[in-house]
Amino acid sequence: MRIKRLTIFLLALSILFIWIVSTYIFFPTRAFNNEMGKMKHIMKQLDELEGGVSQIMGANKNILHEMASEYDLRIEKIKKATEKEISQDEKLKKLQKSFNGGPVIPVIVFACNRITVIRCLDQLIQYRPDPRQFPIIVSQDCNDLQTKNAINTNYGDKLTLIEQPDQSDIQVPPKEKKFKGYFKIARHYGWALNQTFFKYNFDTAIIVEDDLDIAPDFFEYFVGTYYLLKHDPTLWCISAWNDNGKSNLVDMENGASKLYRTDFFPGLGWMLTKELWTELAPKWPKAYWDDWIRRPEQRKDRACIRPEISRTRTFGKYGVSNGLFYEKHLKYIQLNDKFVPFSKMDLTYLLKNYYDEPFLKEVYDNSIEVSYHNLRTLVLPEKQSIRIPYTKETYKKAARAVGLMDDFKSGVPRTGYRGIITFHWNGRTAYLAPPRNWNGYDPSWS
Ligand SMILES: *[C@@H]1O[C@H](CO)[C@@H](O)[C@H](O)[C@H]1NC(C)=O
């Protein structure tokens, strides 16, 4: 009986236990409800988070996509640029053949950040007789976008633009900081002329800077004198510039066709050969190339041809060289406006073998000697040429008395030939001349 009671008791206890547990499971308490609420909240937040994450993932996908297409675009651009360069190279290399039996002479225009280069380019294109004979290559330094765009949008295939790739900073001695521009110019020349002669293999080139106006017969002048440069080893350049080309010092009426030899390197629109560049390139200076080229080690007694009336004129007053020189001097240089058919003229009188003897005879035997003191008071026979003697002591005074440039570079006076400066004076030819026994320039004259 006792066992039966115990069994009933245990049974009751079990039922009670099950009841308690079941109530706990099936009828959750408030506390439990709270927990569930929190759980749900967390789940919701997780949902939101997932949504956010997938949104971000989506955005990232877009960015990746954009990056990929940007990358493609760049590859495309690079491809195009290389293609352009290749076709440019092909184009330039093809151009080196002769034209109508005559020479092909590229014009290298040096540009940097002056948008005024288009003034120069307009004139070159306007006066150029044939683009096949005179390809225009604009070499740009300085990476200036505005200038580059101006060149690219205005001229199409009328010219070729090449860009100086080395834009690294140049180490300049502290004292020469303000002359940094001259260092950049020399580097640019070195690169561009290497391209012209060694890469594109032209045999001659005309150099023009971005601040030059040119005369209508600019090209004709260079074609006509090309053979002189090629055949006379005592010539190393043809220049379009007369350093003393002011209106009162040139024969504006009849001087357009007159040409001279000069020991002074004028620059400012000039032609050189590949042979000369091959000689100069390995020792090309870091700066001040024009003063460097005028030194005896470079010049080696060679001369240039220069016109009586300039075929170029500089309008650039805000360049590297100082504005004062422009205001006082450069802006008065006359630009020729008559067309002279140089290529149809016999210019062999300019070859050294034909030139020197008659020239010296004319200066020392056929002209009247006049001291610079008496120039304005003396009455002279009409048209008779005059010789104004000078020595080291009197050169500057005599030059100033007539309005000539009075400076020297490596001892050579501007436009001088064998020490003699030829100019036009009140309707006659005049020579500022050293003693007859002159025997060379003295670099100590400055
Ligand atoms: C130009 O070429 C010469 C000769 O090959 C070389 O010595 C010189 O370094 C080159 N200059 C430039 C700027 O590339």
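Q: How many bridges pair strand 1 with strand 4?
A: Bear in mind that this is a predicted model: local features need pLDDT of at least 70, side-chain atom pairs count only at pLDDT 80 or more, and totals for chains, interfaces and linings use all residues. Residues are numbered from 1 along each chain as its sequence is written, and side-chain values use heavy atoms, with hydrogens and water left out. Strands (E, at least two residues) and helices (H or I, at least four) are DSSP runs numbered from the N terminus, and two strands pair if DSSP finds at least two bridges between them. Strand 1 (residues 107-111) and strand 4 (residues 204-209) pair in the parallel sense, and the number of bridges is 4.

Q: Which residue in strand 4 is the bridge partner of F110?
A: Start from the parallel pairing of strand 1 and strand 4. Across to strand 4, F110 has as its bridge partner E209.

Q: What angle does helix 5 make with strand 4?
A: Helix 5 (residues 180-199) packs on the sheet, touching strands 1, 2, 3, 4 and 8, where contact means heavy atoms within 4.5 Å. Axes are lines fitted to C-alpha atoms, for helices over the stretch in contact, and angles run from 0 to 180 degrees between N-to-C directions. On that scale, the helix 5 direction against that of strand 4 comes to about 150°.

Q: Which strands stand at the edges of the sheet of 8 strands?
A: This open sheet has mixed pairing and the order 3-2-1-4-8-6-9-7. Two of its strands have a single partner each, so one side of each is left without a neighbour in the sheet: strand 3 (160-163) and strand 7 (259-262).

Q: Which residue in strand 16 is the bridge partner of I388?
A: Over in the open sheet of 4 strands, the order is 11-12-16-15. Strand 12 and strand 16 pair in the parallel sense over 4 bridges. Within that pair, I388 is bridged to L432.

Q: Which helix lies across strand 12, strand 15 and strand 16?
A: Its direction is at about 95° to strand 16 (428-433). It spans residues 352-364 and is helix 11.

Q: Why does the largest cavity lie between two domains, and which are they?
A: A look at the lining tells you: both domains give residues to it, so the cavity lies between them. Domain bounds come from an automatic or database domain assignment. The two are domain 1 (100-349) and domain 2 (351-446).

Q: Which strand gives the most to the lining of the largest cavity?
A: The lining includes N242, R306, T422, F423 and H424. By class, 4 residues are nonpolar, 4 polar and 3 charged, with Ala, Val, Leu, Ile, Met, Phe, Trp, Tyr, Cys and Pro counted as nonpolar, Asp, Glu, Lys and Arg as charged, and the others, Gly among them, as polar. The top contributor, with 3 residues, is strand 15.

How values were computed:
1 Å grid on protein atoms, 1.4 Å probe; cavity = no way out; pocket = protein on both sides within 12 Å on 5 of 7 lines; lining within 4 Å.
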